Amino acid sequence: MNLRMGHPAALVDVCRIPELQQLSMTPDGSLHVGAGVRQADVLADREVGARWPMLRRAISEIGHPQIRSRGTVCGSIAHADPAAELPAVALALDATMVVRSRRGERRIAAEEFVLAPFTTVLEENEILIEVVFPPAGADSGWAFEEFATRRGDFATAGAAVRLVAGAGAVIDCRLALFGVGGRALRLSEAEEAVVGRPVDEEVLAAVHSAVESGLDPSPDVHASGEFRRELAARLAVSTIERAWERSNG
């Protein structure tokens, strides 16, 4: 609305509904973030920061304190801005969206939730009531980086990585890129270049090549498609390298 892109006839503030303000961890180690939980609340929670550091890091990059004090985690994900941090983090961390309507409740994987710019699978009269982040194992590493022209601007490109390592090699890798397409996306070729091997110069070169060949960003007033593609490749390389350093591989 501030950018005059939306003109709703009515606004409903859900942030005072107690059931939607839950920020909690369940016995299985999952993090549940209700639709009324503001980004600043997550950022200030030390336990969340310790267990889900990528989420905390990404929120710290969102706009300015004034925005984070009003914006919610679920709101950002449901808004589905291609340059937003939280849809990419949800994708990298394999989060689950819980949506509800009069027809009942359903759970949707982050991979399936966003369809296109500002478009999700939410149907009429449905609301995203909660996002659930699974527990991160002790053998996992993470990294989050983005580039913006100025602090607080929309990201020109960004990358979020969760990497599981063991016995000196990568077991699993989830790389989510944002700001370079119609939605946050994963590139299977880049992930496959990492899995089953230790992260070394050869692997990083393969990741760079896979991202460059797998992306075709559109140009806009902020950057050319070529600049975004090269930037995304470099961010993918640096985040994977950092996640490997943080893992127990």
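Two strands pair if DSSP finds at least two bridges between them. The legends below describe a predicted model.

**View 1. Strand β10 meets β11.** Strand β10 covers residues 169-178. Two bridges join β10 to β11, and the pairing is antiparallel. Leucine 177 has leucine 185 in β11 as its bridge partner.

**View 2. An open sheet of four strands.** The order is β8-β9-β10-β11, with antiparallel pairing. Strands β8 (140-147) and β11 (185-186) form the edges. Each of these edge strands pairs on one side only.

**View 3. An open sheet of five strands.** Here the order is β1-β2-β7-β3-β4, and the pairing is antiparallel. From one strand to the next, the twist averages 20°.

**View 4. Strand β3 beside β4.** Six bridges join β3 (residues 96-101) to β4, and the two run antiparallel. Arginine 100 stands opposite glutamate 105 in β4.

**View 5. The largest nonpolar core.** This core holds 46 residues. Leu55, Ile77, Met97, Val131 and Phe133 touch the most other members. Helix α6 (residues 85-92) supplies the largest share of the core, six residues. Another core, of 31 residues, lies apart from it; Leu187, Leu215, Ala233 and Leu235 are among its members.

**View 6. The contacts of valine 131.** Leaving out residues up to four places away in sequence, Val131 touches Leu31, His32, Val33, Val73, Cys74, Ile77, Ala95, Thr96 and Met97.

Technical notes:
Residues numbered from 1 in each chain as written. Predicted model: local features only at pLDDT ≥ 70, side-chain atom pairs only at ≥ 80, totals over all residues. Heavy atoms only, no water. Core = buried A, V, L, I, M, F, W, Y, C linked by side-chain atoms within 4.5 Å. Buried < 20%, exposed > 50% of the residue type's maximum accessible area, 1.4 Å probe, protein only. Contact = heavy atoms within 4.5 Å. Axes fitted to C-alpha atoms, helices over the stretch in contact; angles between N-to-C directions.
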